[in-house]
Structures are given as C-alpha cells and as structure tokens.
Amino acid sequence: MKARVHVMLKNGVLDPQGEAVRHALGSLGFDGVEGVRQGKVIELDLADGTPEATINDMCEKLLANTVIESYRVEVL
C-alpha cells in the first residue's frame with residue numbers, strides 16, 4: 001500500500017523559502033502572486049494493512065516537526 005504525507009508550515013510561521021519563490025515569480029513577470037507557502041510531500045511504500053495510526057506515529061516522531069509544521073496523511 002502507499003501513503004502520501006503532506007507537510008506544511010503552520011499558519012503564522014515565517015516561510016523564507018516561500019517568500020523567495022514569491023519574489024522570484026514576481027521577477028519573472030508573474031504579477032499578482034501575493035503569497036507562497038512551500039511544503040513537502042513524502043510518499044511511503046508500506047506493507048498492506050499498515051494502520052493509519054502507525055503512519056501518524058511516523059509523522060509525529062520523524063516526518064514532521066509538529067511544533068512548526070502540520071501534516072495530512074493520504075492513504076492511496
């Protein structure tokens with residue numbers, strides 16, 4: 001089975017990479033981009049029947065820094 005984990009900085013946490021992308025888009029002539037938040041997507045190949053609770057444990061312990069990031073698990 002596959003799972004996809006989407007990790008993003010929480011609202012209110014500064015995102016310097018997102019700001020750099022927003023600035024670069026403006027420099028390339030893409031007007032109207034008022035904000036960019038950058039995150040990461042992690043795809044996991046797991047044994048069939050792996051409980052979603054186990055995936056959440058992986059996120060809490062390693063894949064996301066839950067102090068500043070939120071995550072969403074998508075089982076495929």
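Author: Let us start with one side chain: Lys2 has a relative accessible area of 41%, so it is classed as partly exposed. The label follows from cut-offs, because buried means under 20% relative accessible area, exposed means over 50%, and partly exposed covers what lies in between (1.4 Å probe, protein chains only).

Reader: What kind of model is this, and which pLDDT limits apply?

Author: It is a predicted model, in which local features need pLDDT of at least 70 and side-chain atom pairs count only at pLDDT 80 or more, while totals for chains, interfaces and linings use all residues. Residues are numbered from 1 along each chain as its sequence is written, and side-chain values use heavy atoms, with hydrogens and water left out.

Reader: With which residue does Lys2 form a salt bridge?

Author: The general idea is that side chains of opposite charge can pair when their charged atoms come close. A salt bridge here is a side-chain nitrogen of Lys or Arg within 4 Å of a carboxyl oxygen of Asp or Glu, and the structure holds four of them. In one of these, Lys2 is joined to Asp45, with the closest N and O atoms 2.5 Å apart. Because Lys2 lies in strand β1 and Asp45 in strand β2, the pair ties together parts that are 43 residues apart in sequence. Asp45 itself counts as exposed, at 63% relative accessibility.

Reader: Which residues are linked with Arg4 in a network of salt bridges?

Author: Arg4, Glu43 and Glu74 are linked in such a network. Within it, the side chains of Arg4 and Glu43 meet at 3.0 Å, N to O, and this pair links distant parts of the chain, with Arg4 in strand β1 and Glu43 in strand β2, 39 residues apart. Arg4 is partly exposed at 24% relative accessible area, whereas Glu43 is exposed at 51%. Glu43 is also the bridge partner of Arg4 in β2.

Reader: How are Arg22 and Glu19 placed in their helix?

Author: Helices (H or I, at least four residues) and strands (E, at least two) are DSSP runs, numbered from the N terminus. Because Arg22 and Glu19 are three residues apart in helix α1 (residues 16–27), about one helical turn separates them, and their salt bridge has its closest N and O atoms 2.5 Å apart.

Reader: In what order do the strands form the sheet?

Author: Two strands pair if DSSP finds at least two bridges between them. Three strands form an open sheet in the order β2-β1-β3, with antiparallel pairing, and β2 and β3 are the edge strands, each pairing on one side only. Neighbouring strands are turned by 20° against each other on average, direction ignored; axes are lines fitted to C-alpha atoms, for helices over the stretch in contact, and angles run from 0 to 180 degrees between N-to-C directions. Six bridges join β1 to β2 (residues 40–45), and seven join β1 to β3 (residues 69–75). Among the paired positions, Val7 has Lys40 as its bridge partner in β2, and Met8 stands opposite Ser70 in β3.

Reader: How many residues does the largest nonpolar core have?

Author: In soluble globular proteins, nonpolar side chains tend to be buried together. A nonpolar core is a set of buried Ala, Val, Leu, Ile, Met, Phe, Trp, Tyr and Cys residues joined through side-chain atoms within 4.5 Å. The largest one has 10 residues, including Val5, Leu44, Ile55, Cys59 and Val73, and β1 (2–9) and α2 (52–63) each supply at least two of its residues. Leaving aside neighbours within four places in sequence, Val5 is in contact (heavy atoms within 4.5 Å) with residues including Leu44, Ile55, Cys59, Leu63 and Val73.
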